[in-house]
Amino acid sequence: MKFLDEAKIYVKSGDGGPGACSFRREKFVEFGGPDGGNGGRGGDILFEAVEDLNTLIDFRYTQHFRAKNGRNGEGRNKSGKGGENLIIKVPVGTQVLDEDKETVLADFTEKGQTMTFLKGGDGGFGNARYKSSTNQAPRKFTPGWPGEERGIWLRLKLIADAGLVGLPNAGKSTFLAAVSAARPKIADYPFTTLHPNLGVVRAGEREFVIADIPGLIEGAHEGQGLGTRFLGHVERTAVILHLVDITQDNPAQAYATVRHELTAYGHDLAEKKEIIALTKSDALGPELSADQAAAFEKQTGKKPFIISSVSKDGIDPLLFELDKIIQGGAEDA
Ligand SMILES: Nc1nc2c(ncn2[C@@H]2O[C@H](COP(=O)(O)OP(=O)(O)OP(=O)(O)O)[C@@H](O)[C@H]2O)c(=O)[nH]1
Ligand SMILES: [Mg+2]
């Protein structure tokens, strides 16, 4: 299973400017020669891979990219100015695909990597260029060459920064929908989620990626329910967000069940940094929620966040904490 962020964009390099048709006119010079300059070249479209972007989220808002056209040539043999290039910044790991969404046109694997993707059109010739022994006063000039235009796909393989775990129905998909633009299926029965979903969370200036995976039940490591096969997707995350339904009789027990499965799964998942959030607090109200959280802390020795994906209570501090751990993880590495 690959998590992909994709965006379709349209790029166009600049048109070349037309050449000029002009004749020198000077006092006392009987036959002023042709002096129309060439048009300027259109700007190129370039890509540059940068490290401070993680996702293609900005390409949802801006889809059209055009480099500037070249300027007209002028009299007195003045060439037109070239159009400015346009550099499109993409995250490291981005692939540029043709409109068929299959042919890979470029692959950006390293920071700072650049590529000229579309060349700007050449400028046209001014009439000075067409002067010859047989034609001393040509009126001929050429328009600029048009730039190139293309529809392309950008594709980025996303790597989740945080992974959601919990029992079925804990509210994992609802949480993902509350904090990102992802729209996973949500329903009031276990195993609604059958395959992982990814969402991009924007927290202030920063953005990170959360993976929502199918719920775990007791015996998952032996294949019960959907088993543990999706846990591979949280192995490389910086942090696990363990969601527990606060409305059930014994949240600490639900927590222990899932922890047991993580430990049995191995792959160092149990040692990974973990944040616990008791969710659906809106259904209990603040007082009962606080009581449940206190009981949870007493039994597990761990302090949970209290949140609701419906009312959004407690969500911001939780995202802040997740981001802190993710950033810290990046510094450690
Ligand atoms: N009141 C309330 N209900 C919630 C909240 N979060 C989830 N729910 C409800 O809980 C049920 C299960 O939610 P899901 O988000 O599908 O749970 P899940 O953990 O993704 O479940 P699986 O995909 O089956 O593992 C749904 O009926 C949700 O509407 C919440 O914050 N408050
Ligand atoms: Mg789900």
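The legends below describe close-up views of a predicted model. Residues are numbered from 1 along each chain as its sequence is written, and chains are lettered from A and ligands numbered from 1 in the order in which they are written. Local features need pLDDT of at least 70 and side-chain atom pairs count only at pLDDT 80 or more, while totals for chains, interfaces and linings use all residues; side-chain values use heavy atoms, with hydrogens and water left out.

**View 1. Aromatic pairs.** The whole structure holds 5 aromatic pairs, where rings of Phe, Tyr and Trp (its six-membered ring) pair if their centres lie within 6.5 Å, and planes under 30 degrees apart count as stacked, over 60 as edge-to-face and the rest as tilted. The ring centres of Phe59 and Phe65 are 5.9 Å apart and the planes stand at 55 degrees, so this pair is tilted. Phe59 is buried at a relative accessible area of 7%, and Phe65 is buried at 14% (buried is under 20% relative accessible area, exposed over 50%, partly exposed in between, with a 1.4 Å probe and protein chains only). For Tyr255 and Phe296 the centres are 5.4 Å apart and the planes at 70 degrees, so the pair is edge-to-face. Tyr255 belongs to helix α3 (residues 251-265) and Phe296 to helix α5 (residues 286-300), so the pair ties together parts 41 residues apart in sequence. Tyr255 and Phe296 are both buried. Elsewhere, ring pairs link Phe47, Phe108 and Phe117 into a cluster.

**View 2. Charges over rings.** A charge sits over a ring if NZ of Lys or CZ of Arg is within 6 Å of the ring centre and within 35 degrees of the ring normal. The charged end of Lys101 sits over the ring of Trp153, 4.1 Å from its centre. The charged end of Arg129 sits over the ring of Phe125, 4.1 Å from its centre.

**View 3. The magnesium ion (ligand 2).** Its protein donors are Ser173 (OG) and Thr193 (OG1), at 2.0 to 2.1 Å; donors are N, O and S atoms within 2.8 Å of the metal (3.2 Å for Na, K and Ca), and water is not among the atoms, so sites may look incomplete. Ser173 lies in helix α1 (residues 172-179) and Thr193 in the loop between α1 and β10 (197-203), 20 residues apart. Ser173 is buried, with a relative accessible area of 9%, and Thr193 counts as buried at 10%.

**View 4. The open sheet.** Its 6 strands follow the order β10-β11-β9-β12-β13-β14 with mixed pairing. Helices (H or I, at least four residues) and strands (E, at least two) are DSSP runs numbered from the N terminus, and two strands pair if DSSP finds at least two bridges between them. The edge strands β10 and β14 (305-306) each pair on one side only. Strands β9 (residues 162-165) and β12 (residues 239-245) run parallel, joined by 4 bridges, and Leu164 has Leu241 in β12 as its bridge partner.

View 5. Strands β5 (residues 94-97) and β6 (residues 104-107) run antiparallel, joined by 3 bridges. The hairpin of β5 and β6 has 6 residues between the strands, and Lys101 takes a positive phi near 65 degrees there. His267, in the loop between α3 and β13, has a positive phi of about 55 degrees although it is not a glycine; His267 counts as exposed at 52% relative accessibility. Lys280, in the loop between β13 and α4 (281-284), has a positive phi near 75 degrees and is partly exposed at 26%.
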